[in-house]
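Here is my note on the model, in numbered points. Please read it with the coordinates open.

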Amino acid sequence: MSIFSSAVLIRRRPAGRRASALLSFVVATAVGFIPGPRLDDGAAPAPESAVAPASPSASATPGGAAQAQPPAARQSPQPATRKPAQQPGSDPARPGTEGSGSAGLLGNDVSWPQCNVDLPDDPAFAIVGVNNGLANTTNPCLHQQLDWADDSAGGTGQPRLALYVNTANPGLRGSWWPTNNEYGGETVANPYGTCQGQEDAACAYMYGYAKAFDDAYLRTISEPETYLWWLDVETGNSWSGDRNANRADLEGMADFFHSIGARVGIYSSARQWGQIVGEVGSASSLYSLPSWLAGAHTAAEAKDMCSAAPLTAGGTVALTQFVADGFDHDHSCI
């Protein structure tokens, strides 16, 4: 993909997938979808909390709290363009890649902080953030970045293109909080009982379910059931002091994605996951989900982290992450 001074050339996504995205939105509207924030209309999003928005970033120390990336400059979204550079790991002389020998296993994750910048050329796989740093927003460069990700090379056990979503449990501090078990025109089977507007596990489950519904059907993602959806769990977003409620919130998200036939994984670091969720029992829908671990500083360290403990005892480590050359790079462990 190239950008010329006189014109911008954009490779179009297949017409059928665009139609599917439009159909999803029309269907959601037709069923009388009322609760929760609508698809962003360009106005500033209502904040989930006063804390800074978080985005997957390997700036965390191993096992430590990841730092939220600073907001990107608010410019009109431009098509994602290529950065003609080698993948980290292909050159031992490059900082952060010493002795990794893993270039063919590396992918990249991008989202709103990478709007209007040249993106890495031909990653083995790509993961695109759906939100704009908060769980109730949309990445303004979503479809440009999906176009970029369509050209990922493949060749690992990872999907060539996956998605990640911001997560949170803001309670009554947020711009919207559920008051019952209804969402998307349906009554949701809530394993924690009936939500009555309280800051408890029952309403947290409904909040997570609702945010996943929004991500799948209100952010113009075509064929959402075909993707692997990573849940980005970071202390930079709003969470309850009740880890049981936080777990219920994430279970609501996982349960919704599973209900449409999609796959689900968890992105976090061991320390942050422990602070937000803690141990997860075998009865939880989170128990067997794959882990994407943050915190490595080099490609070699990311490769070694494949042998670290997963975030849940029933899961496995599928991905690890590090930063080099200003981008998040991801090592496939499968």
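1. The buried residues of α4 are Ala245, Asn246, Arg247, Ala248, Asp249, Leu250, Glu251, Gly252, Met253, Ala254, Phe256 and Phe257. That makes twelve of 17, and the helix is mostly covered. Bear in mind that this is a predicted model.

2. What do these side chains and backbones pack against? The buried residues of α4 pack against β5 (161-166), α3 (201-217), β8 (228-232), β9 (263-268) and α5 (270-276). Both helices and strands are in that list.

3. From first C-alpha to last, α4 reaches 24 Å, close to the 24 Å expected at 1.5 Å a residue.

4. Look at both ends of α4. At its start, a side-chain oxygen of Asp242 comes to within 3.0 Å of the backbone nitrogen of Asn244. After the helix comes Gly261, with a positive phi near 90 degrees.

5. Now the cysteines. The structure holds three disulfides. With the bonded cysteines numbered in sequence order, they pair 1-2, 3-4, 5-6.

6. Cys115 is bonded to Cys141, with an S to S distance of 2.1 Å. Cys115 sits in the loop between β2 (106-110) and β3 (118-120), and Cys141 in the loop between β4 (126-129) and α2 (142-149), so the bond ties together parts 26 residues apart in sequence. The torsion about the S-S bond is 135 degrees, and the link is right-handed. Are the two ends buried or exposed? Cys115 counts as buried at 10% relative accessibility. Cys141 is buried too, at 1%.

7. Cys195 and Cys203 form another disulfide, with sulfur atoms 2.1 Å apart. The torsion about their S-S bond is about 95 degrees, so this link is right-handed. Cys195 and Cys203 are both buried.

8. Cys306 and Cys333 are joined with sulfur atoms 1.9 Å apart. Which hand does this link have? The link of Cys306 and Cys333 is left-handed, with -80 degrees about the S-S bond. Cys306 lies in the loop between α6 (299-304) and β11 (317-324), and Cys333 in the segment after β12 (327-332). The pair links distant parts of the chain, 27 residues apart.

9. Check the surface around that last pair. Cys306 is partly exposed, with a relative accessible area of 22%. Cys333 is partly exposed as well, at 23%. The cut-off matters here: buried means under 20%.

Methods:
Residues numbered from 1 in each chain as written. Predicted model: local features only at pLDDT ≥ 70, side-chain atom pairs only at ≥ 80, totals over all residues. Heavy atoms only, no water. Disulfide = S-S within 2.5 Å. Helix = DSSP H or I, 4+ residues; strand = E, 2+ residues; numbered from the N terminus. Buried < 20%, exposed > 50% of the residue type's maximum accessible area, 1.4 Å probe, protein only. Expected span 1.5 Å × (residues − 1). Contact = heavy atoms within 4.5 Å. Polar contact = N/O pair within 3.5 Å; in protein donor to acceptor, adjacent residues only side chain to side chain.
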